[in-house]
Amino acid sequence: MKILFFDTKKYDKESFDKILPEYEGIEIEYVEADVSERTAKYTKGFDAICAFVSSNLSRKVIEILAENGIKLILMRCAGFNNIDLKACEKHGITILRVPGYSPEAVAEHAMALALACNRRVHKAYIKVRENNFSLVGLTGYNFHHKTAGIIGTGKIGAAMCRICRGFGMRVIGYDVYQNPDLDFVEYVELDKLLEESDLISLHCPLTDDSYHMINSKSIKKMKNNVILVNTSRGALIDTDDLIKGIREHKFHAVGLDVYEEETENVFENREDDILETSITSRLLSFPNVIVTSHQAFLTEEALEAISYTTMENAKSYINGDCIESNIVK
């Protein structure tokens, strides 16, 4: 099998090259460009492509891939809302993903965001570098004995629940499917979670039902001085409503690893560019907001797990026995 690996970063190549010798008969060619209508035409002669969460796998791109004989899309991530599934089904293209690589990596980053924005670590770092040792504007509050509301209690959400419990927090959760392993979590309706939580952390998939679940109505139901963290999908939050809430001093702090309209920015160095959207600059203008670059997954353990699962997916496809739990349908 020949795989064209799109949107290659240094850490991708290092982690995949490290294990590639274990998979005889599989070749990878790395390119820095991401897959698009322009780059998809270069897939001729390959059997599969490897793409990531921000890759453009629209109907038109899928059609070009199909014309070039691509039969397999390997997603080195859990999300697949960027793929036209109907087009893949029409052209007989199989999609295999990495449903779980390191839940703890994402959950730990969510807590890191919560702590950093709560205690204004980003502001303190900049102030001290300028020899400003004033504590004005850096006041946070204890998490101990506060209430953490976790929306989505799958593997990542469950890991976040355990972290919050370790901080001595009361943990309440909202999910369509309750996790039986979380006997210390009190499951409640969404409105109750919004009303009672001091920290709200989003760990649910993006669906038609969850799109913009955090909006002006849900924000009004939250406590004043609440902390909101999102490491899942940007479109879970209506950004305009979030910004309005920040301006109205509803939030003590906001930590975002994902946000709407992030596609052009994710994993790219754009320090010399004039950004086409004001979303990023508007969010970064607030002293109580921290935005990171979709990096919650980025640990050595997670990269290793992503590499192995992706290669096992390729191997299973070759052997005609795809790993059922990894198939996107």
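Which residue in strand 7 stands opposite Gly149? In this predicted model, the residue opposite Gly149 is Ile172. The two strands involved are strand 6, residues 147-151, and strand 7, residues 170-174. They run parallel and are joined by five bridges. Between them, the chain passes through helix 6, which spans residues 155-166. This β-α-β crossover from strand 6 to strand 7 is right-handed.

Strand 7 also pairs with strand 8, residues 186-187. Here two bridges are found, and the strands again run parallel. Ile172 takes part in this pairing too: its bridge partner in strand 8 is Glu186.

The cysteines were examined next. A disulfide is a covalent bond between the sulfur atoms of two cysteines. The structure holds zero disulfides. For Cys77, the closest cysteine sulfur belongs to Cys50 and lies 8.5 Å away, which is too far for a bond. The cut-off for a disulfide is a sulfur pair within 2.5 Å. Cys161 is likewise in no disulfide. The nearest cysteine sulfur to that of Cys161 is in Cys164, at 6.8 Å.

Accessibility was computed for both residues. Cys77 is buried, with a relative accessible area of 4%. Cys161 is buried as well, because its relative accessibility is 0% and the cut-off for burial is under 20%.

Note on methods
Residues numbered from 1 in each chain as written. Predicted model: local features only at pLDDT ≥ 70, side-chain atom pairs only at ≥ 80, totals over all residues. Heavy atoms only, no water. Buried < 20%, exposed > 50% of the residue type's maximum accessible area, 1.4 Å probe, protein only. Pairing = 2+ DSSP bridges. Helix = DSSP H or I, 4+ residues; strand = E, 2+ residues; numbered from the N terminus. Right-handed = clockwise from strand over helix to strand, strands pointing away.
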